[in-house]
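Open the model in your viewer and keep the selection tool handy. We will walk from ring to ring and then step inside.

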Amino acid sequence: MRNSSRMLVLVALAIASVLLYVFYELNGNYHYAFPRRLIKVAAMTLTGIAIAYSTVVFQTITHNRILTPSVMGLDALYMLVQTIIYYFFGSMSVFVINAQYNFLLAVSAMIIFALIFYRVLFKEGKRPIYFLLLVGMIVGTFLGSVTTFFQVLIDPNEFLSLQSKMFASFNNVNSDLVWLAGIVILITFIYGWRHMSQLDVMSLGRDTAINLGVPYDKLVQRMLILSSILIAVSTALVGPITFFGLIVANLSYQFFKTYKHSVLIAGSCVMSIVALIGGQWMVERVFNFDTTLSVIINFVGGVYFIYLLLKESRSAG
């Protein structure tokens, strides 16, 4: 099959998943259930696109297919922000009750963190990307430790309310947040799409890309910030999903067998839509909410991550 035919198959699966989720056992309840299902479908679509896009771009920058933007500590920062809100202000705070305030606060904190982080590390010359990753992993571990410290001190009743923020959930997504996240993701997506051809060249390596006229270091910084914005928005919208980007990005590499990022990113985005919407339908209709989608994704992603590590070690040996 050609890549265009494979893309059409994925799009057909995505449409079928959306129709199945929206209309299955609707029973004519168009006034209550129908709009709520549409909001959840929109949230899953935006989340899948943001995570898939940012992961493919991040792996191109790092030249490593087993890394995700979460290694930079953004998920840990999100949990730290939520924990601090509950610790200092309580579950009845306006930053908890008002979903818009909570969303804007979390997104702003993560984007400001990313901007300061990259600005400081890129300020004193051209540092290798692996130095950036190492510092990011250390910072993420530190933020996770601080979060655990505050969670130990927090009131048990407040902690029960905080637990809902620890896992991705599409059941209580606010429609206003979906529109706000959609606007941010659309603007970021349009900006990043202009650099698709440069990402194709960047995948050849730093020296080759520079020789072919790509402003490598500036592009790396821009794409890192772009990935951070997408991860920040998706995490603040539904919660952290650690391994999801790893799964859809690597499946896209295996399925399309091409170097063109326009195809890889589009394919991974459509795959993410199929996985999230189809997976959520199974959680609701097959498992009857006995588990959550994020638990399934993190389990499958963790197993797949171990498989990729073993595969890389065998190929290196």
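Start by selecting Tyr87, Phe88, Phe149 and Phe150: ring pairs link these residues into a cluster. Keep in mind that this is a predicted model.

How many aromatic pairs does a search of the whole structure find? The search finds 10. For one of them, select Phe89 and Phe95, whose ring centres are 5.7 Å apart. Phe95 has 28% relative accessibility and counts as partly exposed.

Next, go to Phe255 and Phe256, an edge-to-face pair with 5.2 Å centre to centre and 85° between the planes.

Then select Arg65 and Tyr253, where Arg65 lies over the face of the tyrosine at 4.0 Å from the ring centre.

The largest nonpolar core has 90 residues, and Tyr53, Met72, Phe103, Met110, Phe170, Leu237 and Ile241 have the most contacts inside it. Colour helix α11 (residues 216-238) to see the largest share of this core, 14 residues.

Centre on Phe170 and show what surrounds it: beyond its neighbours within four places in sequence, its contacts include Lys40, Met44, Ile241, Gln280 and Leu293. For a last stop, select Ile66, Ile247, Tyr304 and Leu308, which are among the five residues of a second, separate core.

Methods: Residues are numbered from 1 along each chain as its sequence is written. This is a predicted model: local features need pLDDT of at least 70, side-chain atom pairs count only at pLDDT 80 or more; totals for chains, interfaces and linings use all residues. Side-chain values use heavy atoms; hydrogens and water are left out. Rings of Phe, Tyr and Trp (its six-membered ring) pair if their centres lie within 6.5 Å; planes under 30 degrees apart count as stacked, over 60 as edge-to-face and the rest as tilted. Buried means under 20% relative accessible area, exposed over 50%, partly exposed in between (1.4 Å probe, protein chains only). A charge sits over a ring if NZ of Lys or CZ of Arg is within 6 Å of the ring centre and within 35 degrees of the ring normal. A nonpolar core is a set of buried Ala, Val, Leu, Ile, Met, Phe, Trp, Tyr and Cys residues joined through side-chain atoms within 4.5 Å. Helices (H or I, at least four residues) and strands (E, at least two) are DSSP runs, numbered from the N terminus. Contact means heavy atoms within 4.5 Å.
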